[in-house]
Amino acid sequence: MLKPLSEKQQNPAIMPSIFSLELTDLENWLSDIKEPKFRASQVYDWLYEKRVTSYEEMSNLPKGLRDKMKETYHIEPMKELARQESSDGTIKFLFELQDGYSIETVLMRHDYGNSVCVTTQVGCRLGCTFCASTLGGLKRNLHAGEIVAQVLQVQRALDATDERVSSIVIMGIGEPFDNYEGLIKFLKVVNHDKGLNIGARHITVSTSGIVPYIYKFADEGMQINFAVSLHAPNTEIRSRLMPVNRMYPMEELMESIRYYVKKTGRRISFEYGLFGGVNDQVEHAEELADLINNIKCHVNLIPVNYVPERDYVRTPKKQIFKFLETLKKRGVNATLRREQGHDIDAACGQLRAKERQEETR
Ligand code: SAH
């Protein structure tokens with residue numbers, strides 16, 4: 001098992017966020033302070049319909065309650081430290097958290113809607129050898145509300161043009177299953193019809209493969225899209241690329257995935273990064289096809305994104321197509337990820353869009 005997080009990583013000394021509260025949490029808190037329950041819906045309406053940024057604006061609430069909320073829950077938007085806009089419409093935001101850490105959030109515009117890629121941790125401790133997010137280690141988990149706030153702030157930016165965030169991918173910095181509680185709370189708030197009301201089928205969570213949580217997630221009964229970063233056709237190569245595989249070897253991973261598919265009846269996505277000379281040969285494609293042979297799945301091929309601190313090289317285009325064709329010939333449902341935001345660096349692996357609809361077929 002992964003070691004438990006330190007107290008500082010798990011419970012940073014910051015004010016709790018109002019956006020961490022599910023509607024029922026808010027009702028409970030209100031009843032604790034002897035306020036009527038119906039106020040919870042009013043507050044939710046201000047937060048998620050009207051999207052106000054202060055308690056002062058919640059004009060139908062008594063002043064006493066507004067003051068009490070202000071003392072207890074953080075509501076202020078994160079400071080926007082930078083915003084980079086790509087010619088394809090992708091926008092990368094750099095936000096500052098209460099304790100000064102900064103995180104990235106990416107808005108991707110597709111012809112079918114707007115998708116937000118959110119960060120779940122400040123840094124990461126999984127140590128994938130190709131990934132930039134893990135270079136400085138893990139600073140801390142985000143509170144659920146800090147993940148919700150990312151979506152809200154992008155939504156506010158879209159309000160100017162009357163657009164809506166239509167889907168969410170949890171593929172920013174961090175390992176969502178290493179912040180499991182925060183992740184689940186986040187999902188409940190954004191999915192709630194009085195919250196951001198984003199349908200479960202429009203939300204995708206991606207994990208590096210922390211096996212016990214795959215079982216747990218399967219049992220949650222949520223209709224969320226689920227992706228696993230596989231990146232290798234066998235356990236030896238996977239261990240070289242992803243240290244997490246030494247803790248949860250591929251065999252155990254595949255078993256948990258079979259459980260997931262059986263339990264939920266849902267198809268799973270595999271992300272497979274092509275790392276030049278490591279896992280990108282036709283024989284690897286054949287081996288991969290064998291590995292996932294009778295699993296209801298989809299494979300997303302991702303050409304490696306160059307990370308200066310890492311020395312992986314890109315697979316030549318011709319070889320990428322050969323790999324793709326091999327999978328297809330074997331009956332694997334596979335696509336190649338289209339890249340976005342290249343001119344602004346938003347396409348760096350850890351921040352990439354992972355939307356099935358977006359891939360070039
Ligand atoms: N920690 C989760 C969520 C991150 S999602 C996970 O591992 O799934 C980001 C995706 O981009 C993952 O599939 C990750 O393996 C991949 N990725 C990270 N760095 C990359 C790089 N340099 N090139 C291509 N893909 C990369």
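Reader: Where in the chain does T119 lie?

Author: Helices (H or I, at least four residues) and strands (E, at least two) are DSSP runs, numbered from the N terminus. In those terms, T119 sits in the loop that runs between β4 (113-117) and β5 (121-123). This is a predicted model, in which local features need pLDDT of at least 70 and side-chain atom pairs count only at pLDDT 80 or more, while totals for chains, interfaces and linings use all residues. Residues are numbered from 1 along each chain as its sequence is written, and side-chain values use heavy atoms, with hydrogens and water left out.

Reader: Is T119 buried or exposed?

Author: Buried means under 20% relative accessible area, exposed over 50%, and partly exposed in between (1.4 Å probe, protein chains only). T119 has a relative accessible area of 0%, so T119 is buried.

Reader: Which residues is T119 in contact with, leaving aside its neighbours within four places in sequence?

Author: A contact is a pair with heavy atoms within 4.5 Å. On that basis T119 meets I103, E104, L142, I147, Q150, G172 and I173. For a sense of distance, N28 is 91 residues from T119 in sequence and 28 Å from T119 in space, C-alpha to C-alpha.

Reader: In which strand is G113, and what does G113 touch?

Author: G113 belongs to strand β4. With a relative accessibility of 17%, G113 counts as buried. Apart from residues up to four places away in sequence, G113 touches M108 and S166. E80 is 33 residues from G113 in sequence, and their C-alpha atoms are 23 Å apart.

Reader: Where does P12 lie?

Author: P12 is in the loop between α1 (7-10) and α2 (23-32). P12 counts as buried at 10% relative accessibility. Not counting residues up to four places away in sequence, P12 touches E7, D99, R140, N141 and H143. P249 is 237 residues from P12 in sequence and 32 Å from P12 in space, C-alpha to C-alpha.

Reader: How many aromatic pairs does a search of the whole structure find?

Author: Rings of Phe, Tyr and Trp (its six-membered ring) pair if their centres lie within 6.5 Å; planes under 30 degrees apart count as stacked, over 60 as edge-to-face and the rest as tilted. The search finds 16 aromatic pairs. One of them joins Y272 and F323, a tilted pair at 5.2 Å centre to centre with 35° between the planes. Y272 is in strand β10 (residues 268-274) and F323 in helix α12 (residues 317-329), so the pair ties together parts 51 residues apart in sequence. Y272 is buried at 0% relative accessibility, and F323 is buried with a relative accessible area of 0%. Elsewhere, ring pairs link F177, Y180, Y213, F217, F226 and Y260 into a cluster.

Reader: What lies over the face of W46?

Author: A charge sits over a ring if NZ of Lys or CZ of Arg is within 6 Å of the ring centre and within 35 degrees of the ring normal. Here K50 lies over the face of W46, 4.5 Å from the ring centre.

Reader: Which residues of helix α11 are buried?

Author: An α-helix has 3.6 residues a turn, so residues three or four places apart point the same way. In helix α11 (residues 282-291), the buried residues include H284, A285, L288 and A289. They cover an arc of only 140° around the axis, which puts them on the same side of α11; the arc is that of the directions from the helix axis to the C-beta atoms. The buried residues of α11 pack against α8 (235-241), β10, β11 (297-303) and α12.

Reader: Which residues have a positive phi although they are not glycine?

Author: Most residues other than glycine have a negative phi. R51 and N197 are among those with a positive phi, each at about 55°. R51 is in the loop between α3 (39-49) and α4 (63-72). N197 is in the loop between α6 (180-191) and β8 (203-207), and N197 counts as partly exposed at 42% relative accessibility.

Reader: How many helices and strands are in the chain?

Author: The chain has 12 helices and 12 strands. Of its 361 residues, 58% count as buried. Among contacts in the chain with a separation of 6 or more, 67% come from residues 24 or more positions apart.
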